[in-house]
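My entries follow in the order I made them.

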Amino acid sequence: MANRPALGVGYHTPDRMTPEWYAFGLLDQALAQGSDSLFYDELVRKKGLTGEVNAGINFGLGNMFDYSGPMLWIAQFFHDSSVPSDTLLAAIDSIVEKVRKEGLDQSALERARVKMRSDLYANLEQFAGFGRANLLASFALFDDDPSRINQLEDGFEKVTPALLQKTADEYLRTGNRTVYVVTPGKAAAQGEKEAR
Amino acid sequence: MKPVIIVALAILTGAQAAPQQKPPAAGAPKDFALPAARRFTLANGLPVTLVPFGQVPKAAIRLVVSAGNVYENKDEVWLADLTGNLMREGTATETADAVARAFAGMGGELGISVGPDTTSISTEVLSERAADAVRKLADVAQHPRLPDSEIERVKGNLLRNLAIQKSSPQALAQEKFAQVLYGEHPYGRIFPSESMLKAYTLNQVQGFYRTHYGAGRARLYVAGVFDAALLETTIKQAFEGWTGAKGSEVPPLPPASGRQFAMIDRADAPQSTVMVGLRVPTASHKDWIALQVTDALLGGAFGSRITTNIRELKGYTYSPYSQLEPHPAQADWVETADVTTNVTGASLKEIFFEVDRLRKEAPSAAELRGIQNNLAGVFVVQNASRTGVIGRLAFVDLHKLGPDYLSTYVKRVMAVTPDEVRRVANEYLTPDKMSLVVVGDEKTVKAQVTQWAQ
């Protein structure tokens, strides 16, 4: 049924509850969440390569707080057939590489923190309050410590520009990711997932 | 959102199957009490509703404008969408990326959503930034840049969405069904053609904006935790300069026709998407609440008759549902199901069987009570958020339902009697007036459905 090509990238995330994991949460906010994000600004607004950015840690299954074990950060994009997926990937790479080298400036970091706090509240309120129960249950089950729900904001507060840059450099390496490409209307052999 | 919640609740309940003892009966549904709202109207005619709600330090702001698809001409389908989408591209004094960063810095995002009757401009921000957000949102609504430089890109996004939607049999069925029910009326037009959409000019967008966006055609809502006095002052300052807009008349609805049938061929499709329904009275009608209860019992609720029949007992389909879609002048009722191809006819037979049964015979009090509890409970759950409350208030205002609609809703749902359900089904859900749309493998399905195709 697919009549539009799509591209996705998945990166392994740092272990949960580590300082790097908190930093990675802010990277997700800065790179891929909302219409102020670096991906949206460059790929949608400036270059018109795609219409929207869909991304997240534990994407499609839950949020960055309600899992345990290894995890991916995924970002995916529908695009027109007139845009080769390599062009889109190259544009993504240049954004990611800049953040790996330079990190974020102070105002972008603060904005990521505000977005994260707002998102966390949204998670708590999700499904008429089930979101809060979901996080309490997750921290009880995975950590035997439901009170972790109260430490999250502090974890994000502690992320420094240096830690953020170091985390980006380590975890947003191309060697730490998988790229998948969906091509409509071609034989399965050509359209199947390509690992790079 | 609604079906997801219902299914999720059903699964939660299902997980407790094989109980060792019967659970105690559920408590009686409680009324929904709307927190005391502050309402005022600006000198330019903009009505404002402020609702203190909840404890989480956030505030939702929504400006609802009479600028939905119903105001489009025949050759302007999705012009409202193009206008709404272009309004995200900056204001007279700020570029689009600056506006986006400003909302993000408040913990929110600018959302513009275009519906059949209204367009909403909204955001949800951290409480301490609510006044800033009101100012920014007011700027977007009153002084959109509508830049020519971005129109082709924004159109490209809409064209992509159009192509994605038109690849889904459900969307094709909805498009055809709307056409069958509403004909040449704007409610009958769901999608533009690609060439129509490509041809829109900035001039048309500016024209649509000027005609429909103005203080007298809008309502502002704020719900959440906020400083009410500060917000009231800010709203007055930010919106008092907004002038009116002349608007345009919504064309009258064409008379409802008898049964119509339409089939869209999807060769070798393993499933058929079927839609069965008709026009019914809308939210301002005295029978609306009873109609909602009837819909829930028949096909709307997860435990409804049609769902029990064709999903649970027969296994023809996974997630059938019926719903009422209310517009200010008219609603429609429709049952939708994706059914296995070889039982398309059998599914229709069962759907009509359940409609007929309910029209002849009142449901038992116990069956009705279960549905009423569900409807009342879902109503309260859906109101349990800032945006949920705003959505309800906007609904009440759009349909002019009066101030006590929300507070008396649960009571009125619970007061519907079994015989009222039968009467309402008999009066409004008339099978020979129900139209039928089937998207499926024509060569297999056509013979199965000819019985209803006249």
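I began with Arg160(B) and found it in helix α5 of chain B, which covers residues 148-166. I kept in mind that this is a predicted model.

Is Arg160(B) buried or exposed? I looked up its relative accessibility, which is 5%, and since buried means under 20%, Arg160(B) counts as buried.

Next I listed what Arg160(B) touches, leaving out residues up to four places away in sequence. The list holds Arg4(A), Gly48(A), Thr50(A), Gly51(A), Phe78(A), His79(A) and Asp80(A). For Asp80(A) I also noted a polar contact of 2.9 Å between its side chain and that of Arg160(B).

**Confidence in chain A**

I then checked the pLDDT of chain A, which averages 91, with 93% of the residues scoring at least 70. Residues 187-196 of chain A are below 50, and I noted that this stretch has twelve contacts in the model beyond near neighbours in sequence.

**The sheet in chain B**

I turned to the sheet of chain B and recorded it as open, with six strands in the order β1-β2-β6-β3-β5-β4 and mixed pairing. Which strands stand at the edges? I found β1 (38-41) and β4 (111-114) of chain B there, each with a single partner strand, so one side of each is left without a neighbour in the sheet. I put down the average twist from one strand to the next as 15°.

Last, I looked at one pair inside this chain: β3 (residues 58-65) and β5 (residues 119-126) of chain B run antiparallel and are joined by eight bridges. Opposite Val64(B) I found Ser120(B), in β5(B).

Note on methods
Residues numbered from 1 in each chain as written. Chains lettered and ligands numbered in written order. Predicted model: local features only at pLDDT ≥ 70, side-chain atom pairs only at ≥ 80, totals over all residues. Heavy atoms only, no water. Helix = DSSP H or I, 4+ residues; strand = E, 2+ residues; numbered from the N terminus. Buried < 20%, exposed > 50% of the residue type's maximum accessible area, 1.4 Å probe, protein only. Polar contact = N/O pair within 3.5 Å; in protein donor to acceptor, adjacent residues only side chain to side chain. Contact = heavy atoms within 4.5 Å. pLDDT = per-residue confidence, 0-100. Pairing = 2+ DSSP bridges. Axes fitted to C-alpha atoms, helices over the stretch in contact; angles between N-to-C directions.
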